4 protein chains.
Amino acid sequence: MIEEARRLAPRFAARAATTDRDGSFPVDDFADLRDAGFFGLMVPARLGGAGAGFAEYAEVAYELARGNGATALVFNMHASVTGALSGVTDELADALGLPGEALAARDDHLKAAASGRWYAVAMSERGAGSRLSMLTTKYETVDGGYRITGSKTFCSGAGHADAYLVAARSVADPTQVSQFLVPAEAGLRVEQTWDALGMRATGSHDLHLDVTVPAAALLGGLEGLALVAVQLAPQWMVASYAAVYVGVARAAVDAAIEHVKQRGLGHLPAIRGRIGRADAAVAAAHLTVREAARRVDEAPGDPETNRWVWRAKLLAGTTAAEVAASMLEAAGTSAMRRGHPLERLYRDARAGSLQPATSDVCADWLGVDALGGDPDSDGVAPRW
Amino acid sequence: MIEEARRLAPRFAARAATTDRDGSFPVDDFADLRDAGFFGLMVPARLGGAGAGFAEYAEVAYELARGNGATALVFNMHASVTGALSGVTDELADALGLPGEALAARDDHLKAAASGRWYAVAMSERGAGSRLSMLTTKYETVDGGYRITGSKTFCSGAGHADAYLVAARSVADPTQVSQFLVPAEAGLRVEQTWDALGMRATGSHDLHLDVTVPAAALLGGLEGLALVAVQLAPQWMVASYAAVYVGVARAAVDAAIEHVKQRGLGHLPAIRGRIGRADAAVAAAHLTVREAARRVDEAPGDPETNRWVWRAKLLAGTTAAEVAASMLEAAGTSAMRRGHPLERLYRDARAGSLQPATSDVCADWLGVDALGGDPDSDGVAPRW
Amino acid sequence: MIEEARRLAPRFAARAATTDRDGSFPVDDFADLRDAGFFGLMVPARLGGAGAGFAEYAEVAYELARGNGATALVFNMHASVTGALSGVTDELADALGLPGEALAARDDHLKAAASGRWYAVAMSERGAGSRLSMLTTKYETVDGGYRITGSKTFCSGAGHADAYLVAARSVADPTQVSQFLVPAEAGLRVEQTWDALGMRATGSHDLHLDVTVPAAALLGGLEGLALVAVQLAPQWMVASYAAVYVGVARAAVDAAIEHVKQRGLGHLPAIRGRIGRADAAVAAAHLTVREAARRVDEAPGDPETNRWVWRAKLLAGTTAAEVAASMLEAAGTSAMRRGHPLERLYRDARAGSLQPATSDVCADWLGVDALGGDPDSDGVAPRW
Amino acid sequence: MIEEARRLAPRFAARAATTDRDGSFPVDDFADLRDAGFFGLMVPARLGGAGAGFAEYAEVAYELARGNGATALVFNMHASVTGALSGVTDELADALGLPGEALAARDDHLKAAASGRWYAVAMSERGAGSRLSMLTTKYETVDGGYRITGSKTFCSGAGHADAYLVAARSVADPTQVSQFLVPAEAGLRVEQTWDALGMRATGSHDLHLDVTVPAAALLGGLEGLALVAVQLAPQWMVASYAAVYVGVARAAVDAAIEHVKQRGLGHLPAIRGRIGRADAAVAAAHLTVREAARRVDEAPGDPETNRWVWRAKLLAGTTAAEVAASMLEAAGTSAMRRGHPLERLYRDARAGSLQPATSDVCADWLGVDALGGDPDSDGVAPRW
């Protein structure tokens with residue numbers, strides 16, 4: 001699939017200027033992804049998927065992002081849903097005491113993905129960000145299922161995906177936050193709010209919900225599992241898109257090299273030095289993402305694994321922003337024209353440090369951890 | 001006039017989102033500037049102007065840029081034309097051997113400015129940048145004046161100004177580069193090419209010339225003075241817009257403070273630290289611009305003055321880009337939405353280091369100078 | 001006196017390698033300072049001094065530091081004592097309700113300084129740093145004066161000065177912290193503890209006190225004035241030595257230029273760029289120190305003045321460390337040999353950000369202030 | 001051996017303050033290394049060694065450097081000699097046309113190392129640095145061998161090692177630079193010149209040669225192979241000590257954590273953020289060194305391998321200096337006292353970027369390479 005991602009990237013790159021300009025969704029990129037079987041990337045082979053692990057996913061994300069970071073970022077949401085579902089093994093389900101129906105539902109969701117069903121994530125809310133503890137979207141039990149009402153923001157792929165992972169708080173017991181997989185046809189309303197500096201093609205619009213879903217839509221078959229999901233697999237909340245930003249950073253270096261060659265500016269030492277330093281910084285960030293991903297596969301949830309997950313997020317975000325800024329400076333004024341790849345990449349790259357967990361939060365988490373504290377509770381801000 | 005600039009800035013700020021979004025020209029800002037007498041800012045009092053020096057201009061530019069950097073940048077071009085003309089005192093004219101008609105023409109141009117005539121600059125060309133030595137726009141003597149043909153790029157205010165300062169090379173003697181003031185009605189053609197990352201409202205389009213102008217349009221009344229003009233007053237080529245970028249940087253700090261207060265994020269230490277460091281950096285860059293400007297007034301052309309001019313350009317550019325990036329990080333994801341001041345300021349700020357002389361060229365100039373070399377000839381690239 | 005400082009600097013520079021190597025006190029530098037009348041720099045003319053203001057002092061400190069930062073740092077302590085005493089005008093004394101004897105004592109102390117008496121400061125304590133609120137050195141009233149007992153650390157010039165400004169807490173009323181001027185002959189014991197990375201020649205040893213001083217030693221003639229002194233003139237606690245670190249930074253640039261010229265390395269663009277950027281950074285930090293100092297003279301205690309004081313401290317510290325590190329990199333391995341000026345300057349420069357208020361504390365102070373908080377109470381740590 | 005290195009590191013750390021203070025050689029560390037069999041680390045098993053590859057060496061160097069960077073740096077020289085000799089396989093010898101005696105000599109040198117013989121490197125010369133093209137040390141053929149005369153500088157371990165790898169130029173044919181292994185007893189004279197900012201315990205003194213060695217001392221048995229050696233295995237000239245500087249950087253983070261915990265400063269967010277960012281930066285640099293080392297083992301001499309070698313050197317040097325500076329700032333003034341680990345680590349860390357290839361040269365090399373040039377010939381300076 002990594003090879004396949006490399007094959008698709010130039011096609012995505014060719015379309016990126018248009019979707020970025022218009023803030024339109026990369027519909028053709030997603031058709032390509034569906035056709036090439038990427039929706040089944042994280043689905044186990046026994047359910048018809050490619051059975052990829054986190055490491056393979058990270059490489060795919062990096063390669064897709066070299067084409068179009070926005071596309072890779074939307075795909076990341078699908079990968080996180082299918083990856084998290086695949087991570088609920090029968091053993092884990094047993095340990096968590098999940099009911100049998102939940103396993104059947106899990107398999108159904110994954111089989112559908114392998115057949116081309118595409119999932120988005122509707123987690124963040126205005127004012128709460130992605131912190132589960134502050135969510136206000138509610139659900140209550142109704143005949144044959146649940147009624148969910150509320151509003152979400154930053155929902156990448158809103159209006160395009162086939163179903164949405166929605167986190168909501170129980171009306172009956174507000175300490176419980178649960179996750180549902182809500183089909184697009186349930187009656188979601190998309191409000192076109194996404195019009196941002198960078199990553200303009202993700203279509204991360206607001207989503208308004210007043211829907212009723214069947215009982216099987218409750219992921220895990222038990223209420224209150226949302227926080228467990230985060231704690232079991234922080235990589236999906238913290239760093240799964242780190243690979244995307246490293247891909248964007250590498251694309252910026254490549255675009256600068258292309259530009260400098262075309263303009264015949266390679267003899268200027270200041271430009272050479274900028275490119276050399278950028279190349280090394282991106283290479284190191286890439287290794288960090290890979291190391292984190294490898295450990296997620298080998299020792300998920302291990303403290304050292306989580307440490308690498310936070311390092312990967314921190315370095316991907318800071319490196320992308322710094323490298324893109326320096327590459328624009330290397331390329332010069334003419335690269336500031338809209339439509340030039342560096343103009344877009346500079347804006348796309350800026351988002352990495354700002355997406356939660358932000359770089360400042362990551363640095364704090366790592367510092368608390370290094371000093372022997374509990375970074376999930378002693379840091380500057382509650383995380384979830 | 002500084003007070004007046006402060007009064008206008010919030011009006012400019014209120015319009016900035018729209019002109020930035022559409023890449024449209026800030027027509028209302030320029031009507032305000034004309035009405036408030038800013039076109040006569042650099043015109044001596046005896047000719048009806050405000051008789052400002054470079055230091056006063058720098059403060060005006062800073063204040064205007066806190067409202068809208070693009071407006072301030074276009075105004076900078078008018079200030080550079082009128083400032084340079086005002087700098088040609090009778091004594092200097094004598095020393096340069098300028099003919100008497102040139103002085104009368106100078107006074108006419110300046111009086112017109114004081115009455116509201118607005119000048120733009122058409123200097124740069126594709127492939128040549130702003131280096132006079134590589135210009136290809138040509139002129140030749142014709143009956144009653146000169147015929148000028150060629151194409152210019154990055155002409156801020158193109159299609160809106162009343163006249164354009166055009167640099168062109170003599171067909172008869174290609175070693176001569178001369179400057180003309182070409183009226184808008186002479187038949188210039190604007191090609192809408194400006195669609196850039198930042199400073200989108202400057203309307204810095206391409207300008208195609210095939211015009212005939214009267215003899216009085218030749219500035220100085222002598223051919224070949226273009227290089228002299230640059231060497232006599234490098235501040236207008238190197239650093240007159242440094243004040244603009246410091247103003248943009250200050251606007252970014254102000255916008256971040258506003259945002260952080262509104263969101264109640266001021267208790268977060270990482271945010272406070274970012275704002276504190278940014279505040280100090282902008283304050284220092286501002287002082288540097290002021291010091292350079294003060295010296296331009298007191299000892300124009302002095303080696304130490306020129307040193308400060310290059311320092312001002314370097315620090316304004318690097319500070320603006322770094323500060324805006326950090327302020328966006330302080331404010332968080334929500335400040336990335338188009339229409340948010342920080343979203344625009346982040347893009348506007350990036351242009352400072354890239355506008356010639358670029359930051360890398362400035363650093364090299366200062367290094368060569370500090371090491372005892374001649375920075376105008378020993379550096380990485382010919383400057384003009 | 002600025003000219004005089006410039007004259008002395010090369011003499012200090014010639015001795016700096018030796019005192020740095022041995023960690024010995026620059027006795028000869030201080031003999032030079034005494035002979036040239038620098039001990040009376042801050043003493044009003046009517047008492048026999050030079051009557052310098054803070055701005056003039058800052059320039060003197062900068063010039064002395066270009067010769068030897070350690071010497072300038074020790075001299076700073078004397079300047080802070082005499083400057084603060086001179087700042088207690090008759091009007092201020094009146095407003096504070098100081099007794100008449102206090103004014104006579106003030107004049108005596110200042111006259112003595114003008115005649116060559118040299119004051120050091122014994123403020124910091126282990127565990128408390130320079131925070132008055134945590135001091136443990138005690139004093140109690142005894143017949144004819146006060147008995148002071150306790151231990152101080154980081155006392156620059158310990159064992160060499162003629163008298164020491166000592167802050168101590170009242171045994172009778174522990175809320176009161178008072179300041180005394182303790183003569184060297186009162187029986188202080190110096191413990192040779194100073195053996196540091198940089199600024200090795202300041203002799204900032206520990207001082208152990210068990211002394212009895214006459215009533216006139218109580219500065220201001222009233223108990224509990226220590227905090228008032230700090231709040232009235234924060235420049236002496238926060239930024240008086242900022243000028244020293246800018247001087248050290250400039251010395252590093254100069255040393256790098258000298259080295260690069262001697263080795264014939266000026267053709268290397270990376271080296272030129274480093275020197276150019278360093279030159280501009282030092283120039284901007286210098287302006288900031290000057291601006292702060294100018295405002296201290298013109299509007300002492302004003303909120304905007306204090307803001308500049310903190311900016312000056314922040315920028316002086318960060319600039320010195322960054323510039324010295326880059327200059328060492330520009331000069332190369334051979335400049336790492338002990339005895340090379342850059343080797344010493346690199347170590348000296350590192351101390352700036354760490355001396356209180358540290359750079360991180362300054363950034364926080366400025367951030368809290370910019371966000372509308374009270375930086376003296378809302379920041380990360382109590383300051384005094 | 002990696003485990004063994006981890007066991008030794010605390011012993012080295014306990015001695016580091018003393019050897020650093022006195023600039024004395026870590027004799028006890030080397031006794032430990034000899035006893036634990038480290039001199040045979042790079043020697044093939046068939047000759048009695050541990051048969052380690054470059055990857056294993058890099059980990060050993062990292063672990064040793066966490067104890068004492070200077071010791072690790074001296075050991076690096078031995079590793080480079082034995083590693084390069086081990087790299088001359090019989091196949092390579094054949095391809096290079098080396099005589100049979102050379103293979104026997106190679107085996108003898110390696111067997112001796114495995115038995116505890118320790119080799120140093122005498123390559124650099126004043127004025128030439130490590131560039132082979134500028135060396136002035138000469139050799140000529142004499143009865144039964146070669147006479148070598150000249151002076152070397154920066155010879156780590158001078159006066160302590162058992163033999164020295166010496167590069168010298170042929171008198172008969174000055175285009176030939178050859179390498180000899182000169183026994184300590186041949187009559188070398190050590191001049192105690194090493195007295196540097198950091199890495200003070202390496203004993204990198206000057207070495208004066210006027211010696212006669214037997215024919216077998218000529219490495220490879222052929223003249224003129226010095227450049228070939230460099231080109232075949234650039235890792236030994238460019239990046240073998242990169243691992244050392246990453247180890248130093250990690251030691252600085254560890255020392256800061258220890259200090260901050262002891263002082264109870266872990267609640268301060270600025271300190272936590274510094275430690276978190278430093279931790280991530282060191283982790284990334286470490287991965288880069290590992291990746292380079294892994295590739296050296298798997299595809300020595302490959303263009304992509306060499307690229308990683310240069311990246312590793314660049315990142316190790318810049319990371320070490322930046323991290324150590326930030327950790328000192330996190331720890332505060334008290335960590336500046338001599339004898340505090342951070343005081344030493346700050347100085348040791350600074351040397352990384354300055355050791356050839358310097359960071360600026362590495363950045364240029366990578367930039368030229370990325371732009372499609374030949375970095376070994378098109379860069380800012382000849383490398384060898």
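**Figure 1. Helices, strands and overall dimensions of chain A.** Chain A of this predicted model contains 13 helices and seven strands. Helices (H or I, at least four residues) and strands (E, at least two) are DSSP runs, numbered from the N terminus. The radius of gyration of chain A is 20 Å, close to the 21 Å that the globule rule gives for 384 residues, so chain A is as compact as a globular protein of that length. This radius is taken over C-alpha atoms, and the globule rule is 2.2 Å times the number of residues to the power 0.38. The C-alpha trace of chain A spans about 70 × 45 × 40 Å along its principal axes. Residues are numbered from 1 along each chain as its sequence is written, and chains are lettered from A and ligands numbered from 1 in the order in which they are written. In this predicted model, local features need pLDDT of at least 70 and side-chain atom pairs count only at pLDDT 80 or more, while totals for chains, interfaces and linings use all residues.

**Figure 2. Burial and contacts within chain A.** Of the 384 residues in chain A, 63% count as buried. A residue is buried if 20 or more other C-beta atoms lie within 10 Å of its own, exposed if 12 or fewer, and partly exposed in between, with C-beta atoms placed from the backbone. For contacts in chain A between residues at least 6 apart in sequence, 75% join residues at least 24 apart. Two residues are in contact if their C-beta atoms, placed from the backbone, lie within 7 Å.

**Figure 3. Packing of helices H3 and H10 in chain B.** Two packed helices are described by the angle between their axes and the distance between the axes. In chain B, helix H3 (residues 54-67) packs against helix H10 (residues 269-298) at an angle of about 150°, and their axes are 7 Å apart. That makes H3(B) roughly antiparallel to H10(B). Angles under 35 degrees count as roughly parallel, over 145 as roughly antiparallel, 65 to 115 as roughly perpendicular and the rest as oblique. Axes are lines fitted to C-alpha atoms, for helices over the stretch in contact, and angles run from 0 to 180 degrees between N-to-C directions. On the H3(B) side the contact includes B:Phe54 and B:Tyr62, and on the H10(B) side it includes B:His286 and B:Asp297. The residues of this contact divide into seven nonpolar, one polar and three charged. Ala, Val, Leu, Ile, Met, Phe, Trp, Tyr, Cys and Pro count as nonpolar, Asp, Glu, Lys and Arg as charged, and the others, Gly among them, as polar.

**Figure 4. The contact between chains D and A.** Chain D and chain A each give 34 residues to the contact. The largest share of the chain D side, 14 residues, comes from H10(D). That side divides into 19 nonpolar, seven polar and eight charged residues.

**Figure 5. The contact between chains C and D.** Here 27 residues come from chain C and 27 residues from chain D. H12(C) supplies the largest share of the chain C side, six residues. 100% of the interface residues of chain C are also interface residues in chain D, so the copies meet through the same surface.
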